[in-house]
Amino acid sequence: MSKPSPDVYEQGKGMDAHNSVMRGIRARKDETYDPREPTRVWLDEDNTPSGVYDSLTIILNTGGCRWARAGGCTMCGYVAESVEGGSVSHEDLMAQIDACLDHEAENAEEPAGLIKIYTSGSFLDEREVPAETRQAIAETFADRDRIVVESLPDFVEQPKIEDFTTQGLETDIAVGLETATDRVRKDCVNKYFEFAEFERAAADAREVGAGVKAYLLMKPPFLSESEATTDMKRSVRKCADVEGCHTVSMNPCNVQRHTMVEDLYHGDGYRPPWLWSVAEVLESTADEDIIVVSDPVGHGSDRGAHNCGECDDRVQRAIKDFDLRQDPSVFEQVSCDCERTWEAVTEREKSYSMPLAR
Amino acid sequence: MTDYFEVHDRDGAARVGELRLSDSLRTPAVSDDVLSDAGSLWPADRDVPEGDESALTVLPHRAFPGGTADEVQEAFAVDYPDVDYPSAAVVSPDTAADATDANADAYVLSNAQAIAGHAQAFVAAVVRTREAIPPDTALYLPGVATPANAATLAYAGIDLVDTDRAVVKGTQGKYLTTDGEQFLEDLEELPCACPACQRSIKEFDRGDCVDHNVNALRAALGTVRQRIRRGRLRDYIEGQARHEQWLTAVFRRLDQQYSYLEQRTPVLRRAEITSATEDAMRRVEIQRFAERVTQRYRCRFDNPLVIVPCSAAKPYSESQSHGQYHDAIQFRGHTLSMTSPIGVVPQELELTYPAQHYDSVVTGHWSATEKEFVADVLEAYLQRNDYPRVIAHVPGEGYRDICERVEDSLGLDFEYTVEDHPTTTESLANLASTLSDELKYGKRERQHNTLRAVADYQFGEGAGDALFEDLQIGSRYPKLRALDGDGEQLATLVAQYGVLSLTLAGARRWVESDAPTKRVEIDNFVPHGSVLAPGIVDASEDIRVGDEVVIEGPQAFAVGRAAMSGPEMVRSSRGIASSVRHVEER
């Protein structure tokens, strides 16, 4: 009797395959983008350790994620927002920031207390955002209360964080942890870092008075509905135990263009999670000493987290309500016939019989 | 070595098998109660479970759902452990061939959701997987079975399913039957007598619908198993699969996978073939008969050919109409019956499967496809066999069109003898007078030609002459016995199937002759009654269920009838491979 081979891990064979396939998939897209325009910008409200704030969210176009160039994460299509040539200059990045401030001035009554900056990569990677630009952006938003910047944990270094904290900003680093399970992060998501690196980044951030917000991905490819739910519950609890990690944003995987997930979806081998599963994770981890929020992108559509089509908006509203109040009783207010189907799927679906229902 | 799955009955690619657990399970069946999943290796490392004989253990797996890139499948493929309890390996059509080293008893196809509903993809995936895994292993298609598709899944070669889709559909308020699905709210009454349906439609909720769907699936599988045992699944499929287009497309596409089906289709059966649809023409049995009649058979008579219409009664010679033709022909012509869907049947082969085993729907109307098929067969037949005259004693509609088409195509002139109807006094008199100057052939010639024709059909072109050089006849038609010049018996014509069963002397002649011998090479033992698959060293690729086979080993020389195809004999480790009729120790 032999055991299943651990070869995949020893040789990095799986990651090579994922990267190779992802490079092929990404090569299908041919759009390019204006380096002086942000990828997206919007106004919202967010729950933070110091209460609910109006927020300005900026997706900065930095030329994209370094990891994505190698192939990258199986679900991530944001690399499609790359620019020609691959890098964006300081001047262009600041032009994007100006465009965002204009957007805010036009649409908000007063400046948002919370600024969130994502890059579809790592804001703290100086190949994406030079130190000069980082410092200039910190100065630009010095009058706000809080700032969140996105980064992979390997780029989290205290001096970079201090660019923000010295401006008096309550600073959080948003880390795309995806899952606390190293094996799932590596084999299903194709991310290279380990949970220990996330813990290291959180500890470093905490030492300089900053915090960490973990982004979790619910239902990467190759997991069944119940495996995905179990993975999220466990991940939320593990994040709650990491000092410095005060918030988890637990987001259902959606089907983005030019990704491995999209190929599986088109091949009838992937379905985004049920909104009931999202609710279940939020409800069951509500007792943890950590803020857990979720923002199901494209909810109710085939490409996003969805239920039966009848109840999606109601469940989404309950989730958004939970985000702000952290009160699990919001889920008692919603029900639908399709819960029975979801229960059957949760009980029966195996990774070898996916998806049991659409 | 497969220890826990054995095939008992075969009907084309479909099988009734036995999952030999502590409580054995007859397949095709739902596997819910016997499956034990050791879990996915995607989220966690897993130990190989202890396992035991009460369950089919799905070994720790990394499943590749539909749309998984080849490179990813290669990089993440699992090396399954070879365990000593009943086990199943999760595979995709691409990884199946490499997963067989572990000698699992069953294989789970991981892209079922991607292929169900898509006939082309389904047929490609099932054929590829089935060809890759050993024949005496079960193929489990998870998550897609319904009462409507169960028969077609089994027909394609699936042995195990589950109730998952039936349950999920029930929770969605979809009521499943063998003819499809309906929304519960659209039902005016419950069209079923299962226990779940023993209540009024008003009280019937989705929980009841789940129970009904599961009952309906189990019942559908019961029908399937019984159909397979009777050798009649295809007849059922041709009707039942029509309720869903993709299922009809599946069996039609499988007809295009001729070698897959042909290898698995017996050369003889007790069961009748119902020809109620044009699809029946594309059955292996029909195609194979036409192929052998036009490529192996050769007419040995010097008399004119008389083409007559088939009769409903079989064999034809026992029908009233053929009795009348016979009285008119009086052994002065060689009779060829023209029939849909078989094509043409020379008189010597009237007993030979499926010539006396089919029954078609008679309306007197021939479709264009039927005419084309029969005309093609008749044309090929006449290209191979030269007759001094061709007399067509056929009625107008259909038969006559076909004859005229073939006449034109081959530049022949048929003589037509029917006025109005072939059995009228006038028509029969025409037939008799047309032949009045012809010589009669004798009984001896008739009997010799019959045995040789059957040998050609059964063993290959020219086999009749090779096997029966110095022929004497014993007994009477239809149970003719072939003896050699010294009076030793070589073979008997089995009236039920119209094939020869050989004696040891006959088998020895077959081995020595130029006719291609179907051989089964066995280990060092003397078989009695039957040969089991594990005793087989090698077997001819072209052996089919029902074929005569010569069984040879260091200790024995025997002759019998194959119960498996040649490839199945070689690749199986369980089950009866061949019966043994006569054996001689060496």
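Mentor: Start with helix 11 of chain A, whose buried residues are L275(A), W276(A), S277(A), V278(A), A279(A), V281(A) and L282(A). Bear in mind that this is a predicted model.
Trainee: How many of the 10 residues of helix 11 of chain A are buried?
Mentor: Seven, so helix 11 (residues 275-284) is largely enclosed by the rest of the structure.
Trainee: And what covers the buried residues of helix 11 of chain A?
Mentor: The cover includes strands 6 (211-218), 7 (245-252) and 8 (291-293) of chain A. Helix 9, helix 12 (312-325) and helix 13 of chain A are also included.
Trainee: Which residues of helix 6 of chain A are buried?
Mentor: K160(A), I161(A) and F164(A). Seen down the helix axis, the buried residues of helix 6 of chain A fall within an arc of 95°, so they line one face.
Trainee: What do those buried residues pack against?
Mentor: Helix 5 (131-140), strand 4 (146-150), strand 5 (170-178) and helix 8 (195-207), in chain A.
Trainee: Switching to the interface. How many residues does each chain put into the contact?
Mentor: Chain A gives 42 residues and chain B gives 40.
Trainee: Which helix of chain A gives the most to the side that touches chain B?
Mentor: Helix 2 of chain A, with seven residues. By class, the chain A side has 18 nonpolar, 12 polar and 12 charged residues.
Trainee: Now chain B. At what angle do helix 5 and helix 6 of chain B pack?
Mentor: About 150°, with the axes of helix 5 (residues 164-171) and helix 6 (residues 206-230) of chain B 7 Å apart. That angle makes helix 5 of chain B roughly antiparallel to helix 6 of chain B. The crossing of these two chain B helices is right-handed.
Trainee: Which residues of helix 5 of chain B make the contact?
Mentor: A166(B), V167(B), K169(B), G170(B) and T171(B). Helix 6 of chain B contributes residues including R206(B), C209(B) and L217(B).
Trainee: Where is Q330(B) found?
Mentor: In the loop between helix 11 (320-329) and strand 15 (334-339) of chain B. Q330(B) has a positive phi of about 55° and is not a glycine.

Terms used: Residues numbered from 1 in each chain as written. Chains lettered and ligands numbered in written order. Predicted model: local features only at pLDDT ≥ 70, side-chain atom pairs only at ≥ 80, totals over all residues. Contact = placed C-beta atoms within 7 Å. Helix = DSSP H or I, 4+ residues; strand = E, 2+ residues; numbered from the N terminus. Nonpolar A, V, L, I, M, F, W, Y, C, P; charged D, E, K, R; others polar. Axes fitted to C-alpha atoms, helices over the stretch in contact; angles between N-to-C directions. Parallel < 35°, antiparallel > 145°, perpendicular 65-115°, else oblique. Left-handed = near helix turned anticlockwise from the far one by under 90°. Buried ≥ 20, exposed ≤ 12 C-beta atoms within 10 Å, placed from the backbone. Arc of directions from axis to C-beta.
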